[in-house]
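Thanks for making time this morning. I would like to take you through one structure, element by element, and I will give the cut-offs as we go.

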Amino acid sequence: MRFALGKWALPLYTVLAFIYLLIPIAYTFVFSFNDSFKSNISWRGFTFNNWLNVCGEPGVCDAFGTSVLIGVVSTVLATILGTMIAIALVRYEFKARSQVSLLLFLPMATPEIVLGAGLASQFFNMGVTKGLGTVIVAHVMFCLSFVVVTVKARVASLDPALEEAGSDLYATPAQVFRKVTLPLLTPGIMSAALLAFALSFDDFIITNFNAGPVDTFPKFVYTAAAKGIPAEANVIGSAVFLVAIIAVVLVQLNSARKQKRLLAGK
Amino acid sequence: MAFAAFGHSGGSKSDFKTPRKTSVKVAMALLIPGMLYLGLFFITPLVSLVVTSLEVPDGSGEIGRYAYGFEISNYWTVIETYWPHIARSFFYALMATILGLLISYPLAYFIGVKARRWPILQGLMLTLVIAPFFISFLLRTFAWKQMFANESLIVTTLQSWGVLAPDQYLVGTDFMVIFGLTYNFIPFMTLPLYTSLERLDIRLLEAGSDLYANPAKVFARVTLPLSMPGIISGTLMTFIPIAGDYVNASSQFLGSSETAMIGNVVEANFLRINDYPSASALSVLLMAAILALVTFYVRRSGTEDLL
C-alpha cells in the first residue's frame, strides 16, 4: 500500500501543479464568454457577443493592432541582429568572447524596471519625444539576448561538416550560407522569432516607461484594471493564447517528425 | 538556459566541438551591429540613470526640472525614505523564489526524469509549463485577483471556516502579492530545473541505491548536487524579475499601498510625480544589488555558461 502511494504521489502532484498553472488561463477564457455589463466581474450568463464584436469596446482593437505592429517590427530587427551574433559566437574565434557573452547576459539579468527607467531617462535627457519609435527601440533591446540564446543552441547542434562539404563542392561562402547554413538554422530562427514576438507582445513594464501616449494591449489592460477589465480584452487574450499554443504544438510536431525521418534514414 | 526548451529541443546533446574559424573581419561584421545597439540602448541608459540619480532641482521651482549635480546625498535620502519598500521587495522576492523552487522541483523532476520514456508526453508537459506565457501577464494576474476578490467564493468560504475574520480579506495583503509573484514566475524556475534534470544519468541513482543509500539519501547526495546548475539558474531567473516587479504589488492588481515595492515607487516617482533623481537612485540601487548577485553567480560558473 505504501509502495503504491509512493508510486502515484509524483504523477498526482504533477497533475495538480498543471491545474494550478492553468487556472488563470481557464478563468480568462471562461470570462471571455460572460454576458457582462460594463465591468466583467461576476458571471451573468453565456454569450458569444464579446467574440463576435471584439472591437465594440473602444480602444481595445487599436491597442491590439499597435501591439502587433510593434511586435512584428521589433521581432524582425531583433532576430536579424541576434542571429548574426549567435553565428559569430559559435563559429568564429575572437578575443573579446567573454565580454560579449557578459554584455548579452546583462540585459536578461537586469530587472525590467531598470531597463525601462534607464531608457526613459536617456530619451528624456536627449529630448526625444516618446512614441512608437521609442517603444520599438526598447523592445529590440530586451529581445536581442533571448534571440541569441535560442539561435545559439541551434547553431551549436549544426554539423560544420555540412558547410565544409558545401565549400568542397566549390560553393562560395555566400552560397554556403544561403543554401546550407540558413536553411538548417531556420527552425532555430523561427523559435527565436516566436519568442521575441511573445516577449514584445506581452511586455508592460518597459513599454509603460517609453510609450508616451501610445497605447499597447498590455497598457490598455493595466489602465482598465482599475475599474475592471472588459470582456473584449479577455477575448483578445484567449485568441492570442490559442494561436500561440497551436503554433508551438505545430513546431514541436514538425521537429518530432523530422527527427523520426532522420533516425529512419540512418 | 531558461528558454532552451522553447519550441524545439536544445542542441546541447550534439554540440560539435570543431576548431572555430578565425576570420576576424567576418566575426566583427557579425558582432558589431548588435553590440553597438546594446551599447547605445542598454549601457548608455544605465549611465544616464546614474547621472540623473545625482541631479538637483534646477532652482526654477517648477516640478520635474532638474540640473546636473553631484548630489550623493540623494542616495541617503532615498534609502531613508524608502527602506521599507526596499526591504519588502527583497523579502517578497526571497519568499516567492523559495516557494517557486519548492513547487517547481517535483514538477521538473517528473517531466525531466520520470517521463523520459514518453517523449511526446514530455513535449506536451513542457508546452503546458510555458502555456501561461501565452496569455497576457496582466490578464492572468487579474484573474487571480478576481478569484480572491472580497466577495469571491474563496474568501467567503475561508471566512465561514474562521480562517479569515469576517472583515479580513486577501487582496492587498503580503500573502496575495507573494502568491501572485510565485505563480507568475514558475515557468522561469521550472525550465532551467528541467534542463539540468533531463541530463541526469539515471544509472547514478541506481548506483546510489545499489550501495544501500535510501531514496532520501540518494536525492540529497546525487540528484540535488547534480541539479545545482538548474537551481542556481532558476533562482536567479525568478529572483531578479520579481525584485523589480510592480504589477503584482500595485493596487489595481493584487496589492495595496501597504505592499508597494521598489518598482511601484520608481513608477510613481518617474511617471507620475516627475521626481527623476529619486526614481533613478532607487533603480541604480536595485541594479547594484542584482549585479552583486550576478557577480557571485559568474564567479561560481564562468561566463561561457551564462548563455
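Predicted model: local features only at pLDDT ≥ 70, side-chain atom pairs only at ≥ 80, totals over all residues.

Helices here are DSSP runs of H or I with at least four residues, strands are runs of E with at least two, and both are numbered from the N terminus.

Residues are numbered from 1 along each chain as its sequence is written, and chains are lettered from A and ligands numbered from 1 in the order in which they are written.

Staying with H10(B), 12 of its 16 residues are buried, which leaves the helix mostly covered; among the buried ones are Gly230(B), Met237(B), Phe239(B) and Ala243(B). By buried I mean that 20 or more other C-beta atoms, placed from the backbone, lie within 10 Å of the residue's own, with 12 or fewer counting as exposed and anything in between as partly exposed.

H10(B) is also one of the elements that give two or more residues to the side of chain B that touches chain A. In that interface, 83 residues of chain B are in contact with 86 residues of chain A, where contact requires C-beta atoms, placed from the backbone, within 7 Å. Which helix gives the most to this side of chain B? It is H1(B), with 18 residues. The residues on that side divide into 55 nonpolar, 22 polar and 6 charged, with Ala, Val, Leu, Ile, Met, Phe, Trp, Tyr, Cys and Pro taken as nonpolar, Asp, Glu, Lys and Arg as charged, and the others, Gly among them, as polar.

The axes are lines fitted to C-alpha atoms, for helices over the stretch in contact, and the angles run from 0 to 180 degrees between N-to-C directions. In this contact, residues including Leu119(A) and Gln122(A) of H5(A) meet residues including Phe41(B) and Leu49(B) of H1(B), and the division is 6 nonpolar, 7 polar and no charged.

Within chain B, the axes of H8(B) and H9(B) come within 10 Å and cross at roughly 145 degrees. Their contact brings Leu204(B), Leu205(B), Gly208(B) and Ser209(B) to Val218(B), Arg221(B), Val222(B) and Thr223(B), with 4 nonpolar, 3 polar and 1 charged.

The loop between those two helices holds Tyr212(B), a residue other than glycine whose phi is positive, near 65 degrees, and which is exposed, because 7 other C-beta atoms lie within 10 Å. In chain A, Tyr170(A) has a positive phi of about 65 degrees, sits in the loop between H7 and H8 of chain A, and counts as exposed with 7 C-beta neighbours inside 10 Å.

Finally, chain A as a whole comes to 11 helices and 0 strands, and 44% of its 266 residues count as buried.

Key:
Contact = placed C-beta atoms within 7 Å.
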